[in-house]
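These are my notebook entries on a structure that I looked through site by site. The entries follow the order in which I looked things up.

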Amino acid sequence: MSARQSHVPELTDGFHLVVDALELNGVSTMYGVVGIPITDVARIAQARGIRYIGFRQEQAAGHAAAAAGFLTRRPGICLTVSAPGFLNGLVALANATTNCFPMIQISGSSERAIIDLQQGDYEELDQLAAARPYTKAAFRVDRPEDIGLGVARAIRAAVSGRPGGVYLDLPASVLGATLDASEGRASLFRAVDPAPIQLPSAAAVDRALGVLVRAKRPLLILGKGAAYARAEGPIRTFIESTGMPFLSMSMAKGLLPDDHPQSAAAARSLALKNADVVMLVGARLNWLLAHGRSPKWSDECRFVQVDVSPEEIDSNRPIAAPVIGDIDEAMKLLVVALGDRPVTAPRVWRDAIDAKKAQNVARMRAHLAADAVPMNFYGALRAIRDVLAERDGVFVVNEGANTLDFARDILPMHEPRKRLDSGTWGVMGVGMGYAIAAAVESGRSVIAVEGDSAFGFSGMEVETICRYKLPIVVVVFNNGGIYKGDEVNRWSSDPAPTVLSRTSRYDKLMEAFGGTGYHAEDPGAVSAALESALASGKPALVNCMIDPTAGTESGHLQSLNAESTLRPSP
Ligand code: ADP
Ligand code: MG
């Protein structure tokens, strides 16, 4: 070796710096679809021991990253290519922001100078501008020596305060740029305490108890923020020492088991309508709670709200006692404060809820036992419920319209953060991404209960499930339609707008990629298929035939469905 060569400095480049920065900040898994210009990011990540899970479409990869963020409290990473790949992923990033899940979409992008003059580059798009309205924060790194800073800022923005989706734009020129390796190393750092815990003031805690002690009909509502905060310990203590009835929003189910004696789930309408004080814990008073307004709620109701985001307060109804801070810490402080100022939910109120519960539970029991032929939602879900009752730790992913509404009520959850569903937007297409993330992050089994229409949005990810050999059982509720499968087009031979192929064999799709397919026409076949699929721990899909006349248009959301008063009649 000549003296001259021995002085050639060791080099690094943008690709390596991105992976180094992520690794330094504890990222262990990435989801995405590779292509120009980010393929080498995934390769280098794999070489470093970071797991890369490659999808068939960016939206599903993004949903996986978002779910990973919710489950791990670290930002889920989604890697996308420029323009169209970026836009596909952006749906998931916006959904993550809406759901308060920490996620970072890292996207390659094309040549800035050409994009800015709109000269028509390969996959030209001003991605930073496009991302900004849909994200909590959006950054572009324009120099390789800023990659470490960009990654740290993205992580901090995603997980601090109210978590959300963050966009990080990496132009191809920055990824490919080289610099001196020691200079590169010096530019990287680990973000210190990226999600600082915030505490509510003593005055806020005191004010909240002041409102609660005077309540005659108090009710506590748990949202997915409480699940994210991992606050089940102090929440249970608070609920059990006050005797307050509680309701769980869908992704908060399992923080306390659904069969807890104080659960008011089976008397939801009565509880909402009559409560005089409602304590919201990590739940927003949005459309999912009828905005807190009559006729679902009492106009006299007063509110306590525990939330990390001060701007959330008063968004729909005036909040008498905001408690701003981390839910776990806030609930611990509230439990301590109960020592001086005990709160007791009056017996008459609890009895009224229990009486209504008994009525509704009996009615539901009859529906579940009816065993309709052909099979309907009740029969199929009873079979799934009974299989789940025998097993711990299984994740439930759920999307659809009727499939979502029925399953949310019928499948009880016993453990926190085991249910992932359509969430705040009521979005379709999250199913396979959420299921894949749950399996990858936990190593545990997942049952994805999918409407046939909902499944179609991400169905090709069955190949991803098979490629990574994940323990996921997809159950497609095949009623041949969006909502229902029995609409008839009276004007032409085309299928009606809500109709899908009734004869579809979704199980064959799973078989095509090496998984196991099952076809089930009655509850017995559903449980046999599930038992065998879960025991195998291998990818499986159950084509679960449901009566096409079962269910309703728009599910439980009929009130939101605008219908034409001038609809053509035959
Ligand atoms: P749900 O749909 O289950 O009702 P939402 O998504 O509407 O739940 O509400 C979740 C709320 O939880 C958001 O307002 C968010 O700011 C809040 N939140 C999320 N994480 C935390 C946390 N660690 N501590 C306190 N509040 C949190
Ligand atoms: Mg359907």
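**Entry 1: the shell around ligand 1**

I looked up which element contributes most to the shell around ligand 1, and it is helix α12 (residues 224-228), with three residues. Helices here are DSSP runs of H or I with at least four residues, strands are runs of E with at least two, and both are numbered from the N terminus. I note that the model is predicted, that local features need pLDDT of at least 70 and side-chain atom pairs pLDDT 80 or more, and that totals for chains, interfaces and linings use all residues. Residues are numbered from 1 along each chain as its sequence is written, chains are lettered from A and ligands numbered from 1 in the order in which they are written, and side-chain values use heavy atoms, with hydrogens and water left out.

I found 19 residues surrounding ligand 1, the closest being R162, K224, R284, D307 and I327; a residue is near a molecule if one of its heavy atoms lies within 4 Å of it. The shell divides into seven nonpolar, seven polar and five charged residues. In this division Ala, Val, Leu, Ile, Met, Phe, Trp, Tyr, Cys and Pro count as nonpolar, Asp, Glu, Lys and Arg as charged, and the others, Gly among them, as polar.

I then listed backbone atoms facing the ligand. A backbone N or O atom of K224 lies 2.7 Å from an oxygen atom of ligand 1. A polar backbone atom of V308 is 3.0 Å from a nitrogen atom of the ligand, and a backbone N or O atom of I327 also lies 3.0 Å from a nitrogen atom of ligand 1. The protein covers 96% of the 570 Å² of accessible area that ligand 1 has on its own (Shrake-Rupley method, 1.4 Å probe).

**Entry 2: T424**

I placed T424 in the loop between β15 (419-421) and α19 (431-442). T424 is buried, with a relative accessible area of 7%; buried means under 20%, with a 1.4 Å probe and protein chains only. The side chain of T424 makes polar contacts with the side chains of K224, at 2.7 Å, and R284, at 3.3 Å. A polar contact is a pair of N or O atoms within 3.5 Å; within protein, one must be able to donate a hydrogen and the other to accept it, and residues adjacent in sequence count only if both atoms are side-chain atoms. K224 and R284 are also among the residues closest to ligand 1.

**Entry 3: R419**

I found R419 in strand β15. R419 counts as buried at 0% relative accessibility. Its side chain has polar contacts with the side chains of N398, at 3.0 Å, and D421, at 2.9 Å.

**Entry 4: the magnesium ion**

Which residues coordinate the magnesium ion (ligand 2)? I recorded D452 (OD), N479 (OD1) and G481 (O), at 2.0 to 2.1 Å. D452 lies in helix α20 (residues 452-456) and N479 in the loop between β17 (472-478) and α22 (506-512), so the pair ties together parts that are 27 residues apart in sequence. Donors are N, O and S atoms within 2.8 Å of the metal (3.2 Å for Na, K and Ca), and sites may look incomplete because water is not among the atoms. D452 is buried at 3% relative accessible area, and N479 is buried at 3%.

Note on methods
Buried < 20%, exposed > 50% of the residue type's maximum accessible area, 1.4 Å probe, protein only.
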